Amino acid sequence: MVTGLTVTLFDFQENTVMKLLDLVTDSNSKQTIVVKAPTGSGKTIILIGFVDEYLDKVDSNTAFIWLCPGKGDLEEQSRQRMRKVAPHRNTQNLFDALRNGFTPESITFVNWELVTKRGNTAIREGERKNLFDRIAEAHRNGVDFIVIIDEEHSHNTAKAKAIIDSFAAKNMIRVSATAIKNSRYEFLEIDELDVIDQGLITKALYVNEGIEDNVEVTEDYDYLLDLADAKRKAIASRYKEVLGETKSIRPLVLIQFPNGQSETIRAVEQKLKSMGYTYENGMVSIWMSEDKRDLPDNLTDNDATPVFLLMKQAISTGWDCPRAKILVKLREGMSEQFEIQTIGRIRRMPEAKHYEDDLLDFSYVYTFDEKYKAGLLAEIDKAYEIRRLFLKDKCKNFTLEKQLRDLEFDGLGERDMLNKIYDFLVSKYHLGTDRKENQRIFEGNEYRFSDEIFGQALHGQFVQTDKVMESSSYITTRKVVDTHKHGIQLLHSMDAIKTAIGMPTYKVKTILERLFRKGNYTRKKLLSLKTAEFYAFIINNEHLIKEEFREVAAGMAKQGAMGRMPKTSLFHIPEQDFFKYDPGVKEEIEYLSNAYREYTSGFATSVVRSTSEMLFEQYCEDCNDIEWVYKNGDSGQQYFSIVYWDGWEKQSLFYADYIIMKKDGTVWIIETKGGESKGKDKNIDRQIENKFLAFKEYAQKYNLCWGFVRDKDNRLYINNTEFAISMQDKNWRPIEKVF
């Protein structure tokens with residue numbers, strides 16, 4: 001039982017402390033322990049309890065390093081919390097450590113920004129050197145280190161790694177609300193239901209409560225803010241009923257902007273003003289990196305004045321405001337993603353207890369976002385490590401001509417592209433000159449026609465935060481097109497479509513208008529849509545139109561288009577390079593055939609390689625006639641590249657996977673692709689045929705051996721003659737008969 005603190009831990013907190021102690025004292029445990037702790041579970045208290053128990057009962061000759069993220073003062077908040085909860089402990093900040101060193105039983109709270117951010121002068125080079133000196137001094141004095149990493153996601157830099165490595169910590173404990181289980185590390189997870197049962201966070205989360213299916217919306221912010229304010233008023237009224245005159249809790253609405261575009265912020269400010277909420281009367285505050293206005297010191301207090309807080313993306317890690325009950329997440333396009341960890345900001349209970357009243361015991365999200373994600377993976381969450389390897393001497397003099405794009409030529413012109421997409425659509429859908437009939441044909445192929453923009457919004461009640469991402473309960477929203485208001489949304493769709501065509505947005509707009517919009521240009525016109533119908537057509541069918549353009553791009557191109565030859569330069573194998581490594585590899589063996597020293601089977605498992613790559617490297621290792629095998633990079637000027645042309649006659653680079661030197665001096669270049677499994681094609685590269693033809697031309701020009709290699713039933717097959725996507729084709733031959 002944890003007894004040395006001024007507070008009593010909840011059962012789940014104490015259980016976590018005991019599990020941590022068990023792991024750090026077990027010689028069979030892995031060095032790094034990852035703790036997934038939901039927002040509101042009291043991870044700071046848990047870590048304080050662990051530190052206190054460890055120093056008291058395990059090893060007092062230990063110095064703890066407590067690393068905190070963010071631009072704020074989270075490290076100072078954590079330190080003050082420890083002073084309050086464990087006043088008998090010796091806490092210090094980084095500057096104290098530079099003066100006094102890392103002594104036994106010290107707990108040093110460090111803000112990462114001080115030691116890792118480029119250009120930050122808080123710690124100068126001399127002081128940074130002194131930091132390493134102090135660490136070395138502690139090691140000489142026999143002091144062990146344990147490093148705690150609080151919300152580590154933003155610290156994946158070489159400088160951060162150098163500092164962490166210098167501590168040579170006995171254990172690293174990393175705590176995050178978004179941690180992912182990884183076989184490389186020990187993993188503890190605090191059950192969100194335990195946190196709910198103790199009354200620390202809301203019982204459940206409502207997403208878009210009160211929004212009816214097929215609702216017509218004029219402006220996102222207008223509609224959602226009305227709902228949020230009605231809910232805020234209802235919660236505030238209920239607090240008064242429940243608490244009486246003894247306490248005051250003013251529920252706070254967080255308004256989150258994806259990018260904080262000034263026109264969107266101004267529109268929201270005007271809307272709030274029309275509702276009676278302004279900066280001037282203290283009801284509104286704004287917290288953005290470039291604009292922190294009217295942020296009272298007591299903003300997070302339960303009875304603070306502001307009831308709306310405007311913010312950009314997620315507020316800083318570690319910011320706690322238990323009175324925040326409602327989140328309004330706005331969009332500035334159609335493709336923004338909702339980051340799940342933002343929900344943690346509105347799940348805390350203001351008095352760390354439930355009121356047995358659903359209105360007060362729930363939290364509320366209002367958003368028209370359609371995509372939900374858990375946030376960026378930290379390096380520590382990935383199933384692989386990154387390791388640096390060095391080239392063998394025998395490979396250092398190898399050279400090869402590589403191809404580069406000729407930037408003076410950038411594919412077909414606008415008119416030719418219009419003709420190409422027109423011919424493609426006419427052929428694919430058997431279209432004619434009757435535009436009404438064309439519209440019926442498009443409708444029969446899942447295209448939507450309307451003067452309204454359709455969307456979908458998640459809807460439902462969720463007890464566990466992560467379940468939001470798994471939900472498929474959506475309602476439909478409708479907006480009548482307003483060409484003034486929806487111009488930005490149209491441009492977002494044009495931008496998405498241009499990724500498949502590689503042209504400026506204004507040219508994509510011209511092509512789409514010629515094809516589909518009513519106007520003076522009648523040639524090459526498939527539809528004759530009015531302006532509002534055209535806006536809705538492009539926005540509602542963005543994904544379908546993008547797929548059409550991709551199909552055209554995947555169409556056959558004449559390699560060496562227009563007689564233009566790509567530029568060339570000399571390729572050398574990099575003398576050192578970084579490779580993904582699977583630390584969970586079983587029965588690791590060194591691949592002696594590889595061009596790099598210390599390259600093992602751990603660099604060629606299913607965690608870091610495709611099936612065809614993995615099988616090919618194993619095959620090469622078993623061949624007696626191979627001098628060396630080089631695994632090429634996927635992109636970048638230092639790697640070997642070949643130019644190919646797509647259906648738009650636009651140049652792109654592809655990076656063949658392997659260069660192989662046989663013992664007789666023969667050079668082979670191999671590109672691996674997904675093969676077939678259970679009769680189904682596993683290849684996902686739409687440009688496979690264009691790459692094949694460009695590769696064939698390159699190999700013939702330089703008199704090199706080459707081939708595309710694919711897998712089927714755990715066997716490899718090669719083709720270097722005539723392209724065929726089906727592996728039943730005679731041109732796909734067993735690799736041992738050709739290579």
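Q: How far apart are the closest N and O atoms in the salt bridge that Lys233 forms with Asp229?
A: This is a predicted model, where local features need pLDDT of at least 70, side-chain atom pairs count only at pLDDT 80 or more, and totals for chains, interfaces and linings use all residues. Residues are numbered from 1 along each chain as its sequence is written, and side-chain values use heavy atoms, leaving out hydrogens and water. A salt bridge here is a side-chain nitrogen of Lys or Arg within 4 Å of a carboxyl oxygen of Asp or Glu. For Lys233 and Asp229, the closest N and O atoms are apart by 3.5 Å.

Q: What separation along helix H9 lies between Lys233 and Asp229?
A: Helices (H or I, at least four residues) and strands (E, at least two) are DSSP runs, numbered from the N terminus. Lys233 and Asp229 are four residues apart in H9, so they are separated by about one helical turn.

Q: Which residue forms a salt bridge with Lys509?
A: Look in helix H15 (residues 505-516), where the two partners lie four residues apart, about one turn of the helix. Lys509 is partly exposed, at 28% relative accessibility. Its closest N and O atoms to the partner are 2.9 Å apart, and that partner is Glu513.

Q: How many residues apart are Lys479 and Asp220?
A: Lys479 and Asp220 form a salt bridge, with closest N and O atoms 2.8 Å apart. This pair links distant parts of the chain, since Lys479 is in strand E22 and Asp220 is in helix H9 (residues 220-243). Lys479 is buried, with a relative accessible area of 10%, and Asp220 also counts as buried at 10%.

Q: Which residue in E22 stands opposite Ala457?
A: Strand E20 (residues 452-458) is mostly covered, with six of its seven residues buried. E20 runs antiparallel to strand E22 (residues 474-480), and seven bridges join them; two strands pair if DSSP finds at least two bridges between them. Opposite Ala457 stands Ile475.

Q: Which cysteine is in contact with Ile573?
A: Contact means heavy atoms within 4.5 Å. Leaving aside neighbours within four places in sequence, the contacts of Ile573 include Leu391, Phe398, Trp628 and Cys395.

Q: How many disulfides does a search of the whole structure find?
A: A disulfide is a pair of cysteine sulfur atoms within 2.5 Å. The sulfur of Cys395 is 13 Å from the closest cysteine sulfur, in Cys620, too far for a bond. Likewise, the sulfur of Cys321 is 20 Å from the closest one, in Cys68, again too far for a bond. Searching the whole structure gives a disulfide count of zero.

Note on methods:
Buried < 20%, exposed > 50% of the residue type's maximum accessible area, 1.4 Å probe, protein only.
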